[in-house]
Amino acid sequence: MNPELVGRSFPPTAPYLVGREKVREFARAVFTTDPQHTDPAAARALGYADVVAPPTFAMVIQDLALQQLLADPETGIILERTVHGDQRFRYSRPIVAGDKLTATLSVTGIRALGKASMVTSEAEITDASGAHVVTATSVLVVGGDD
Amino acid sequence: MATAELQIGDVVADREVHLTRESLVRYAGASGDFNPIHYRDDVAERVGLPGVLAHGMLTMGVAIGTIIPWLGDSGRLLEYGVRFTRPVVVDPEAGATLRIVATVGAIEDDGVVRVDLAVTHEDTSVLGKAQARVRVS
């Protein structure tokens with residue numbers, strides 16, 4: 001594990017356009033088919049422009065940023081030995097179809113856990129106007145060398 | 001929905017969700033997480049797992065989905081976090097049933113409530129500290 005990783009930031013990901021059918025597909029996949037996720041009229045009745053993505057949809061955007069970290073050979077992170085330990089989302093608002101979202105990842109901490117390392121990263125997800133939508137924080141548990 | 005009506009320990013929502021291998025393939029496609037340990041027995045076995053596992057993020061998503069009809073508006077959700085403590089093995093024939101019980105864990109100031117999500121598979125907890133902070137008034 002490269003300890004100099006702490007504090008490192010990655011460039012913003014290319015904008016991700018949230019599609020209505022993608023939101024519906026994701027809602028069905030997580031068994032969360034409340035009408036606000038599937039019916040634009042129900043979402044509009046709550047004050048949203050289009051269908052509202054289920055809360056954990058933010059992971060799809062966060063993952064684009066995490067791929068930058070995982071693809072970098074200098075990090076010392078080996079994907080086959082990596083498991084997801086913790087996940088947290090802090091929302092300013094829900095993600096809505098039509099949003100163009102960008103994620104900016106930074107590594108905020110590394111802690112030893114026996115031979116493994118716990119790597120905490122934060123992806124700040126913002127919309128096309130630059131406003132904060134959600135911050136997604138992951139702890140990845142990366143196994144040791146043996 | 002108002003804080004005054006809620007008390008610590010109140011169950012605000014609960015449900016059971018039955019996962020099958022099809023559910024895992026569907027989630028893989030919807031989320032873009034195509035790690036083969038979530039659909040290939042041979043790969044799961046090779047890396048020493050007890051079987052094909054549900055994506056942790058699928059369990060996390062199913063858990064929070066339980067309270068959305070009660071919340072009414074997803075915009076009331078301020079924060080949601082979980083710890084992945086135990087894998088959910090999804091049998092090719094029998095699948096796996098998740099049980100979710102959402103309880104008021106704490107009542108904060110300013111109309112914010114902490115909802116604790118107890119998520120179990122075969123009576124064993126699979127998520128740790130699964131908590132959501134929601135605005136209820």
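Before you start, residues are numbered from 1 along each chain as its sequence is written, while chains are lettered from A and ligands numbered from 1 in the order in which they are written. This is a predicted model, where local features need pLDDT of at least 70, side-chain atom pairs count only at pLDDT 80 or more, and totals for chains, interfaces and linings use all residues.

**Exercise 1.** Work out how many helices and strands chain B has.

Start with the rule: helices (H or I, at least four residues) and strands (E, at least two) are DSSP runs, numbered from the N terminus. Counting gives four helices and six strands in chain B.

**Exercise 2.** Is helix α3 (residues 56-65) of chain B mostly covered or mostly open?

A residue is buried if 20 or more other C-beta atoms, placed from the backbone, lie within 10 Å of its own; with 12 or fewer it's exposed, and in between partly exposed. Now go through the helix: ten of its ten residues are buried, so α3(B) is mostly covered. Among them are Gly56(B), Met60(B) and Ile64(B). For chain B as a whole, 36% of its 137 residues count as buried.

**Exercise 3.** Find which residues have the most contacts inside the largest nonpolar core.

Such a core is a set of buried Ala, Val, Leu, Ile, Met, Phe, Trp, Tyr and Cys residues joined through C-beta atoms within 7 Å. The largest one has 75 residues, and your answer is Ala58(A), Ile125(A), Ala63(B) and Leu117(B). Its largest share, seven residues, comes from helix α4 (residues 58-71) of chain A.
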